[in-house]
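I began with the overall form and then went through individual positions.

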Amino acid sequence: MRTITLINGDGIGPEISEAVVKIIEASGLKIDWDVQTAGSDVIEAEGTPLPERVLNSIKKNKIALKAPVTTPIGKGFRSVNVQLRKSLDLFANLRPCKNLAGVKTRFDGVDIVVVRENTEDLYAGIERQVDEDTAESIKIITRKASERICRFAFDYAVKNNRGEVCVVTKANIMKLSDGLFLDTYREVAKDYPNINQREILVDNLCMQLVQNPKQFDVLVLPNLYGDIVSDLCAGLIGGLGIAQGANIGEDCAVFEPVHGSAPDIKGQNKANPTALLLSAVEMLRYIGENGYAARIEEALHKTLNSGKMTADLGGNLSTTEFTDEIIKNL
Ligand code: ATP
């Protein structure tokens, strides 16, 4: 039996984790969950929202499913998510954005995979106060990190039968930093003659995405553009309740929804578990359990398609009712 780390998070985290574990169990797949608590609930006892034991568990098991974890603001703790990505060198942030049958959105046929570089760019955290009226943040782009993410995007395209990898930059203005990202993409692309290449500037991409998103396939972006564009793409397919994600490194991978811990609806049995469930489905594919992944995804589609959904999507089911419907459809 495969052991997988489960970080059940805080806020709505425990409710949606319970739902997803129940659905996977009902599919017949046996997983030994190594449950690791993290976030604001453990600070008092352990002095940090991300205890070493959590990192050790992921390093040992190589795979984690993670519900949202809150980093308390203004208490001097580094973001749990950023720390996790850094400590485990999870360099690729993967966000597949695909329409779900039954969920009403402005466009049909959206099927975009956003591949965001996760370790550098303006998120390297190198900032300084130059003087009282001036602050400076440094944008770091390296050939090594750019090559790693571009190769990841092309490999993903090959493995998942995607036709195109489009690179997104603002290389006309940031000629050196974004220019290096673009040049590296062009170099890497030479090794993938069967995948279509495309280059677009990030401002034009945003306009095209809200006018005609169907034209895009796999996008590869430096960190900041990737962060913004992936939320835009999540909006295209129906918002946070269904937006899945993953952070992948050479050794470990952490699968997690895009949304936060939604403290406003905590403990009310209202949260939509779909984003975490789809993250888990992607995780099952990653570990080679394609059959179970397909079955669970089909049951979810069937449920949504019959109009059964949680309130964030316009339905009237509670988290547990929605979970039971999915299980019935397995
Ligand atoms: P963070 O900064 O931790 O990412 P956030 O403040 O950006 O968090 P979320 O916690 O993601 O935001 O919540 C934003 C809004 O979306 C809230 O109103 C929340 O209730 C709603 N929301 C988020 N996730 C879900 C979900 N799974 N089901 C239903 N509503 C959700």
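**Entry 1: overall form.** I compared the radius of gyration, taken over C-alpha atoms, with the globule rule of 2.2 Å times the number of residues to the power 0.38. For 330 residues a compact globule would have a value near 20 Å, and the protein chain agrees because its own value is 20 Å. I noted that this is a predicted model, in which local features need pLDDT of at least 70, side-chain atom pairs count only at pLDDT 80 or more, and totals for chains, interfaces and linings use all residues. Residues are numbered from 1 along each chain as its sequence is written, and side-chain values use heavy atoms, with hydrogens and water left out.

I then looked up the extents: the C-alpha trace of the protein chain spans about 55 × 45 × 40 Å along its principal axes. The protein chain holds 11 helices and 12 strands; these are DSSP runs numbered from the N terminus, helices being H or I of at least four residues and strands E of at least two.

Entry 2: Buried means under 20% relative accessible area, exposed over 50%, and partly exposed in between, with a 1.4 Å probe and protein chains only. The protein chain exposes about 15000 Å², of which carbon and sulfur atoms supply 49%; accessible areas come from the Shrake-Rupley method with a 1.4 Å probe, and for residues only the protein chains shown count as cover. Of the contacts (heavy atoms within 4.5 Å) between residues at least 6 apart in sequence, 72% join residues at least 24 apart.

**Entry 3: Glu256 and its two partners.** Which side chains did I find in polar contact with that of Glu256? Asn247 makes such a contact at 2.4 Å, and Lys66 makes one at 2.7 Å. A polar contact is a pair of N or O atoms within 3.5 Å; within protein, one must be able to donate a hydrogen and the other to accept it, and residues adjacent in sequence count only if both atoms are side-chain atoms.

I placed Asn247 in strand 11 (residues 244–248) and Lys66 in strand 3 (residues 63–66). Asn247 counts as buried because its relative accessibility is 1%. Lys66 also has 1% relative accessibility and therefore counts as buried.

I listed contacts beyond four places in sequence. For Asn247 they are Arg85, Leu90, Ala92, Asn93, Asn118, Cys252, Ala253, Val254 and Glu256. For Lys66 they include Ile7, Asn81, Leu84, Val254, Phe255 and Leu276.

**Entry 4: the ligand.** Which residues are around the ligand? I found Ile12, Leu240, His259, Gly260, Ser261, Ala262, Asp264, Ile265, Ala271, Asn272 and Asp312, where near means that one heavy atom of the residue lies within 4 Å. By class, this shell has five nonpolar, four polar and two charged residues. Ala, Val, Leu, Ile, Met, Phe, Trp, Tyr, Cys and Pro count as nonpolar, Asp, Glu, Lys and Arg as charged, and the others, Gly among them, as polar.

I checked the distances to oxygen atoms of the ligand. A backbone N or O atom of Ser261 lies 3.4 Å from one, and a backbone N or O atom of Ala262 lies 2.9 Å from one. For Asp264, a polar side-chain atom lies 2.9 Å from a ligand oxygen. Taken alone the ligand exposes 620 Å², and the protein buries 57% of that.

**Entry 5: positive phi.** Most residues other than glycine have a negative phi. I looked up two positions with positive values. Asp89 has a phi of about 50° and lies in the loop between helix 4 (80–87) and strand 4 (92–98). Asn269 has a phi near 60° and lies in the loop between strand 12 (253–257) and helix 9 (274–286). Asp89 is partly exposed because its relative accessibility is 33%; Asn269 is partly exposed, with a relative accessible area of 29%.

**Entry 6: two helix positions.** The C-alpha atoms of Lys144 and Thr184, 40 residues apart along the chain, are separated by 8.9 Å.

I placed Asn204 in helix 7 (residues 202–211). Asn204 counts as partly exposed because its relative accessibility is 31%. Asn204 and Val168 are 36 residues apart in sequence, and 9.5 Å apart in space from C-alpha to C-alpha.
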